[in-house]
Amino acid sequence: MIKAILIFNNHGKPRLSKFYQRYSEDTQQQIIRETFHLVSKRDENVCNFLEGGLLIGGSDNKLIYRHYATLYFVFCVDSSESELGILDLIQVFVETLDKCFENVCELDLIFHVDKVHNILAEMVMGGMVLETNMNEIVTQIDAQNKLEKSEAGLAGAPARAVSAVKNMNLPEIPRNINIGDISIKVPNLPTFK
Amino acid sequence: MALKMVKGSIDRMFDKNLQDLVRGIRNHKEDEAKYISQCIDEIKQELKQDNIAVKANAVCKLTYLQMLGYDISWAAFNIIEVMSASKFTFKRIGYLAASQCFHEGTDVIMLTTNQIRKDLSSPNQYDTGVALTGLSCFVTPDLARDLANDIMTLMSHTKPYIRKKAVLIMYKVFLKYPESLRPAFPRLKEKLEDPDPGVQSAAVNVICELARRNPKNYLSLAPLFFKLMTSSTNNWVLIKIIKLFGALTPLEPRLGKKLIEPLTNLIHSTSAMSLLYECVNTVIAVLISLSSGMPNHSASIQLCVQKLRILIEDSDQNLKYLGLLAMSKILKTHPKSVQSHKDLILQCLDDKDESIRLRALDLLYGMVSKKNLMEIVKKLMIHVDKAEGTTYRDELLTKIIDICSQSNYQYITNFEWYISILVELTRLEGTRHGHLIAAQMLDVAIRVKAIRKFAVSQMAMLLDNAHLIASNTQRNGICEVLYAAAWICGEFSEHLEEANQTLEAMLRPKVTTLPGHIQAVYVQNMVKLYASILQQKEQAGEKEAAQEITQLMIERLPQFVQSADLEVQERASCILQLIKYIQKLQVKEVPVAEEVIALFAGELNPVAPKAQKKVPVPEGLDLDAWINEPPSDSESEDEKPKTIFHDEEQRHSKPRHPEMDEEELARRREARKQEQANNPFYIKSSPSPQKRYQDTPGVEHIPVVQIDLSVPLKVPGMPMSDQYVKLEEERRHKQKLEKDKKKKKQKKEKRGKHHRHNSLHTESEEDIAPAHHVDIITEEMPENALPSDEDDKDPNDPYKALDIDLDKPLADSEKLPVQRHRNAEALKTPESEVPPVEKKSKKPKKKEKKHKEKEKDKGKKKEKEKKVVEEEEEEKKEEDLDFWLSTAPPPGSAAQPQSGPQTSAAVASEPEGVKKEEREEQQEEEEEDEGKKSSKHKKKKHKKEKEEKSKDKKKSKKKHHHSEEEMAESVQNGTLDDEPLPPMSSYRLLAENPYIKTTYDIQGNLQNDSQVTVSVIFENKSTSFLKSMELNVLDSLNTKMLRPEGSSVHDGIPVPFQLPPGISNEAQFVFTLQSIVMAQKLKGTLSFIVKNDEGSTHEKLDFKLHFSCASYLITTPCYSDAFAKLLESGDLHMSSIKVDGISISFQHLLAKICFHHHFSVVERVDSCASMYSRSIQGHHVCLLVKKGENSVSIDGKCSDPTLLSNLLDEMKETLSKC
């Protein structure tokens, strides 16, 4: 079982949090902070597994994480999951994001956290791995997006126009935030299919 | 109204959407909290609007704020509103928010039940999907109970997308509602062989998760999993299965033997590291389970260790980590094979990666020997000094203690060294493990008598330097050691050299800042100390010194009397009074020391922590028995209870065991003493420890004195454990030399006698004699302790509820709660009221199923009969775990050929035990039907049957059960299972042209009395790509297609997929109707775009959708008692038909009616049958079908005459085709 999935950036700002066990909002924030603290102090070339984390830890649980450019993807799992399998799942997740957002970068995750949630929901459900085939995931996401578009129809159009106008008028569009595309570099892990 | 709408949408333009919110927060870095609270106010306003889009937008923003740590549970009701929006876009937002913030404590969650049920049965698969995903996060026991049945239905959905989600969520349902496990399990098992890999993987996932917690219940699935393992190519599935086998092998060693070969093959063949790793892991598990008496597997161990070494040596840190992890598992059973890689592991201890160091630490546990313990611990101590993070340092600390104390201090040769190590460890700042060190100090000091003197001196030093330990609050954890120090100094005060100084140290004002429980121990032990000083002084005749010390106590004790801690206060004031009294006596020059010391006479023996639990209940003692008979029920409640103890009964119960026990006890005690006397490691306790110490012969030759001279023990806070390492080396060297000398003289003089534990020593270790002859007192256990070890089970384990026997047949009471229909009260539980004779006739659907099977191979049956029986038997064997394990065929052939669609399709889902039984019954039934015609067959069969029956009488005894179980299942089948069986298809042709063929089926909606679902299968017959399919019908007044909100009646509904050449797919459309008494026809058009190399063309296909009356009926089972009542009620109209020229068998005929017209058989006698069905709007339809020579007559009764006549007409048509 996967207990929690967290994404945060190099400064510990949460970009997505999904807990498959109930924690109060305060505890959730504490867990995010603690996990960030544990993960961020690790060097780049150490292993991707980590025990400890007092809140969500316990002897059976492990943190498995990957670090891409500005973001950390952390999965907290128990012993029924294969460590290397989860590492691969993270890779699939990121590649799927990359496909769905077309060159994903942190900004995509910042502004479209709902979409990230939807993509994640096609991969992991209630803490169990639902689908690992990227093409299948992308197909389902596309179909749902299409459905959403078809529903928006008339009602959606003015809203889009308005948001376009709003965007134009905003002087403080974050232009100077220059976060490069997340380049996906996998440490030479053998393929896992 | 219109104005309001307009106003609403104008307002909307200025609402922030999620992006605006995020942007806003980013622009208000200075006053983020203020900005967000402002936004929350806006959101609250938005939630008050009627417009669902505005609400959805608000909820979407709330979900984001939840991630930032804001509690959004106040909006739970609004979230439910958004969940129930009809548009998928909004629904998804609602469910996402719910999954993030709903939990069992959310009170409005019970309002969602019906909404979720509606979404689960939605024709749009994504509505269902999103509901399942959401539910998986917030399912509660109530939701699980109410929805279990709906979800189970979805497990057989036509779309794999829904199936896999439904299968996966079942695990959560089981957890919350364990009663659902047994009824749902057969279907779950079925899904292991689902054609879709995703569904299969989900089922494997769920079963693995279940089996991990309660593996023994899933052993019977081993053959199936084995088949999957040898056939599957999906690594995810393989990993899960292999992990599962790892959990199963400890329970069934034979399974392990069977697994070794295929796993070894996988290890050699796979290129995926993840799979390789899991294989190695499971092989290790197998080897562990086989470890007793299986010498020929050393090759496998070698293979594993070798593969792991490759992993550990890999430059990839992940593999290194996992290699070490797996290595530690081998260590437990095959320490030797791991020990040969000590170099590698010690190397990993210096790795820069903490995770890897931790894993290496685990392994060290098994690496130590008497020889290298000091060396390894020294290395660890260096790490302790270097470690910056507290977690890792604490881990090091516990590991050092673990390593040293393992198997009763087996590897420690010099306890002085160990005490020094413990004292050194007290210098750690901010550790959480002070109590661990303290426990070790106490344990060693109490159990190793020879070391007490040294321990006491060290502890006295600790007490003297207590200010270093307790000075700052950060060191709080470590001050626990003072607890141990104070106790040791007090208890063994006779060893103290400068007791006065220690006593003074304990009386320092600073002590009052320590935690209460430590102060309490201080207070208690300063009296012990005081007592021994007093004795000393009195013996020496120094009366003044004795009075001085009393005075000191009286001066200092009041600071403890003022303590806020109750325990400290109580002890201190008690003792203060005592000492004041002593002072009085001293003034009168009365010698008091003897009496004071008598307070603390006697020795405390170590008692095993589990001792209390292990005391067996004496024979004849029944703790549940009443001491007094409880008052009988007839007595009025206000009557006063009688005195609890009757004289009579006391007399009665007393004499029984004490005498017997006393005798027994004495006998046992004697036996134990005998045993202890023979045990060289046990020292009998004697009342005064110091005396004992003096006359122990073994103690005299302890070379303590020499060592004492060379080690500067008195340096405060700086014990030098390192010195011991050098000393030890020297000592060993000397010993060796001596031994060599001895060897020359006398070849065989073994020193083995002196060893405490000699079972595990290797040759080389035997050369090292411990520096002290140490006696370790074993912890005491009660005389007749039970040897059991099962005392660490957590009663609150949530998975315990899932420990359910799955092979037992289902009882009727275990049915999943089904949403009740209007006539539900007519159903009677067969257990309670129906006499067993009738039972057979009440299995409508089951029969139907069987009929179909029969129909299928009726022609071949007679010739094949014999063969089939054989095949069946074979199959049975395959399923039988014992058989499977014992014959051990080569893995390739494990997947035996399926003997025929009949057995595999119908039987796969049932538990094995039931299967046989069922077949017997089936045979019996067949006999009834065909018996008249061919009596020969009957006899032949009868024989077989008898043979079978005699084979296991047990099963036939269970028969009663089985029939009940079948019924339960048949009921479920009737309501849930609308899967068409192969030979009969309910799909009718809708329209066809060269490009596309469409067939359809109509089914009533259980949840909604005015809706039917039309499933249409689109099959692309061309070589072109078909896309943009749109289906539209011309609504009639009565029947309308359900279109998304806001679209006009002329809009078509897009088919949610495209069709590549040769592919078919299914889409569902919902229609609403008002009246269902008449058949309906709707005209419609399917438009689509044909795309091929030449370009794309727009095509149309017209069709007529025929809603027959039968399609409004829902197969509903009915028991004969309810059926009789219904007929008696007289509310029903009657009509009848007769069809001539029927040649097919009666069974076949009934099957057709059941299948095409959605009826179920209530009762059948010879060639007469009563049948029942119910329309979606609750009309009851009862039929009496009679078969004559060549004709069939059907009498029908129904609450609506029109519906009845239409139904009968349709039936006539069906039958006349036969």
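This is a predicted model: local features need pLDDT of at least 70, side-chain atom pairs count only at pLDDT 80 or more; totals for chains, interfaces and linings use all residues.
## Basis

Local features need pLDDT of at least 70 and side-chain atom pairs count only at pLDDT 80 or more, whereas totals for chains, interfaces and linings use all residues. Residues are numbered from 1 along each chain as its sequence is written, chains are lettered from A in the order in which they are written, and side-chain values use heavy atoms, with hydrogens and water left out.

## Extent of the interface

Chain A and chain B bury about 6,700 Å² between them, counted as the accessible area (1.4 Å probe) that two parts lose on being put together, summed over both. Carbon and sulfur atoms account for 54% of this area. Phe111(A), Met125(A) and Met128(A) supply 10% of what chain A buries against chain B, more than any other three residues.

In terms of contact (heavy atoms within 4.5 Å), 73 residues come from chain A and 71 residues from chain B.

## Salt bridges

Eight salt bridges cross the interface of chain A and chain B, each being a side-chain nitrogen of Lys or Arg within 4 Å of a carboxyl oxygen of Asp or Glu. Glu136(A) forms a salt bridge with Lys164(B), and the closest N and O atoms of this pair are 3.9 Å apart.

## Chain B

Of the 1218 residues in chain B, 52% are buried, that is, under 20% relative accessible area (1.4 Å probe, protein chains only). Among contacts in chain B between residues at least 6 apart in sequence, 71% join residues at least 24 apart.

Terms used:
Buried means under 20% relative accessible area, exposed over 50%, partly exposed in between (1.4 Å probe, protein chains only).
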